[in-house]
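Reader: I want to learn how to read charged side chains in a model. Can you take me through a case?

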Amino acid sequence: MNNIVLCGFMGSGKSTVGKELARIMGRRFIDTDTLIEKEQGVAIKAIFATHGEDYFRDLEYECCEKISELKNCVISTGGGALTFERNVETLKKGGKIVFLDADFETICERIGDTKSRPLFEDIEKAKALFDERHEKYLAAADIVVDGNLSAMKAAMDIASMFR
């Protein structure tokens, strides 16, 4: 069975919906950011600080290549992963991409304390990044789902599309 690859902005529910979807469908759940952190032995924030974004994006691409060969998984990607065409092409080889399209206001409510999300320390920059990435997510997606729904409702909607 093809993988289901979730994309969207931070706070759109990729991990929460992904875990619920994997449970409902009896699939393995994989979070690319968590996988990279496990393999590197450090947090992504530390990878960025030590090696820079380009280095991280190369690790992310390698991760996408590995998981694209897996079957029957629900994959949650990092917020920036599918803004890069090479990751989109790689992940589409083994699955369908589902964009969790949440409003910026909903995302802000979900994130709450911005200290845990450095990109939200400047709300105007966060909104500009959201707007920039939105078109890329739409271009990458095979399916678009309302990301403003509860995690359970979104997961049920996605599951019904793949049954």
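Predicted model: local features only at pLDDT ≥ 70, side-chain atom pairs only at ≥ 80, totals over all residues.

Reader: How many salt bridges does the structure hold?

Author: The structure holds eight.

Reader: How do I read a bridge inside one helix?

Author: Start with the spacing. An α-helix has 3.6 residues a turn, so residues three or four places apart point the same way. Here, Arg-57 and Glu-60 sit three residues apart in helix 4. Their closest N and O atoms are 2.8 Å apart. In helix 8 (residues 151-161), Lys-153 and Asp-157 are four residues apart. Their salt bridge also has a listed N to O distance, 2.8 Å.

Reader: Is Arg-57 buried or exposed?

Author: Apply the cut-off: buried means under 20% relative accessible area. Arg-57 has 9%, so Arg-57 is buried. Glu-60 is buried too, at 1%.

Reader: Which parts of the chain does the pair Asp-58 and Arg-86 link?

Author: Asp-58 and Arg-86 form a salt bridge, with closest N and O atoms 2.9 Å apart. The pair links distant parts of the chain, helix 4 and helix 5, 28 residues apart. Asp-58 is partly exposed at 37%, and Arg-86 is partly exposed at 33%.

Reader: What covers the buried residues of helix 5?

Author: The cover includes strand 1, helix 4, strand 4 and helix 7. Among the buried residues are Val-88 and Leu-91.

Reader: Which residues form the negative surface patch?

Author: Asp-103, Glu-105, Glu-109 and Asp-146. Asp-103 lies in the loop between strand 4 and helix 6. Asp-103 is partly exposed, at 41%.

Methods. Residues numbered from 1 in each chain as written. Heavy atoms only, no water. Patch = residues over 30% accessible without salt bridge, like charges linked within 9 Å, V, L, I, M, F, W, Y side chains within 5 Å. Areas by Shrake-Rupley, 256 points an atom, 1.4 Å probe, with all protein chains shown as cover. Salt bridge = Lys/Arg side-chain N within 4 Å of Asp/Glu carboxyl O. Lys, Arg positive; Asp, Glu negative; His and termini not counted. Charge placed at Lys NZ, Arg CZ, Asp CG, Glu CD. Helix = DSSP H or I, 4+ residues; strand = E, 2+ residues; numbered from the N terminus. Buried < 20%, exposed > 50% of the residue type's maximum accessible area, 1.4 Å probe, protein only. Contact = heavy atoms within 4.5 Å.
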